[in-house]
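This briefing goes through one protein model, topic by topic. Keep the sequence and the structure in view while reading.

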Amino acid sequence: MIASVRGEVTAIFHDSAVVEVGGVGMRVFCTPNTLAGLRTGGEARLATTLIVREDSLTLFGFADDGERQLFDLLLTANGVGPRIAQAVLAVHQPDAVRRALAGSDVAALTKVPGIGKRGAEKMIVELKDKIGPIAIGDGGSAGVLNGAWQEQVRQGVLALGWTATQADQAVAAVAETIDGETPPVPVLLRQAIRLLGRTR
């Protein structure tokens, strides 16, 4: 089990980053929110979960141990695989996921691509009593990413399965709603996903 990796970030893709550890470049699949905090050439420490399949070894990375623990918990729900669990964390902050499960908020969970009403209800039944203490507040979000928020949001939308055209349209629509200070990237990404959800 690889619980974490620390090293220089040598490459960043739309769905993953390469972190060099002891001369070995490890490709780590991350949510757009986590990727937004990485810089090529900088050092990073990512909490990780290794998913072992017959034909592959896939490493998923997270900004902190708490997010990884929630990912691991989501995987225990019947029918939830790594991609769905990662999509949940791309759409919602960890505390928001816990509140949705504790409060039986089906609507919040169905905002995640790949989760329908029945799937959300099953997740709630299976995980509601396992999520532990829940933070009070609005769920907060990471600080503003200086610079190209548009590209971060676009890449996040693409990573969740929409087309390049849809991603560009969503970014343009979100940009039109900004008046004054730019909100944090996770907030903008969730707004783009909501807009796209209406057109599906």
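A residue counts as buried when its relative accessible area is under 20%. The model is predicted. By that cut-off, helix α2, which spans residues 65-75, has these buried residues: E67, R68, L70, F71, L73 and L74.

- The N-terminal end of α2 is capped by D64. A side-chain oxygen of D64 lies 3.1 Å from the backbone nitrogen of G66.

**How α2 meets α4**
- Two packed helices are described by the angle between their axes and the distance between the axes.
- For α2 and α4, the angle is about 35° and the axes are 10 Å apart.
- The crossing of these two helices, α2 and α4, is left-handed.
- On the α2 side the residues that meet α4 are G66, E67, L70 and L74. Their partners in α4 are P94, V97 and R98.
- An α-helix has 3.6 residues a turn, so residues three or four places apart point the same way.

**The nonpolar cores**
- The largest nonpolar core holds 43 residues. Within this core, L74, L101, M123, V153 and V157 touch the most other members.
- Which residues does L74 touch, leaving out those up to four places away in sequence? They are V80, A85, V88, V97, M123 and L127.
- Another core lies apart from this one and has eleven residues, including V5, V9, L38 and L46.

**Helix α3**
- Is α3 mostly covered or mostly uncovered? Helix α3 is mostly covered, with eight of its ten residues buried.
- The buried residues of α3 are P82, A85, Q86, A87, V88, L89, A90 and V91.

**The loop residue S104**
- S104 sits in the loop between α4 and α5 (106-109).
- The phi angle of S104 is near 55°, which is a positive value in a residue other than glycine.
- S104 counts as partly exposed because its relative accessibility is 34%, and partly exposed lies between the buried limit of 20% and the exposed limit of 50%.

**An annotation from the record**
- An unreviewed UniProt entry carries the annotation "domain: Helix-hairpin-helix DNA-binding motif class" for residues 72-91 and 107-126.
- In the model, residues 72-91 are 70% helix and 0% strand, and the end C-alpha atoms of this span lie 17 Å apart.
- Residues 107-126 are 65% helix and 0% strand, with end C-alpha atoms 17 Å apart.

Methods: Residues are numbered from 1 along each chain as its sequence is written. This is a predicted model: local features need pLDDT of at least 70, side-chain atom pairs count only at pLDDT 80 or more; totals for chains, interfaces and linings use all residues. Side-chain values use heavy atoms; hydrogens and water are left out. A nonpolar core is a set of buried Ala, Val, Leu, Ile, Met, Phe, Trp, Tyr and Cys residues joined through side-chain atoms within 4.5 Å. Buried means under 20% relative accessible area, exposed over 50%, partly exposed in between (1.4 Å probe, protein chains only). Contact means heavy atoms within 4.5 Å. Helices (H or I, at least four residues) and strands (E, at least two) are DSSP runs, numbered from the N terminus. A polar contact is a pair of N or O atoms within 3.5 Å; within protein, one must be able to donate a hydrogen and the other to accept it, and residues adjacent in sequence count only if both atoms are side-chain atoms. UniProt positions are given in the numbering used here, feature names are shortened, and annotations may be inferred rather than shown by experiment. Axes are lines fitted to C-alpha atoms, for helices over the stretch in contact, and angles run from 0 to 180 degrees between N-to-C directions. A crossing is left-handed if the near helix is turned anticlockwise from the far one by less than a right angle, and right-handed if clockwise.
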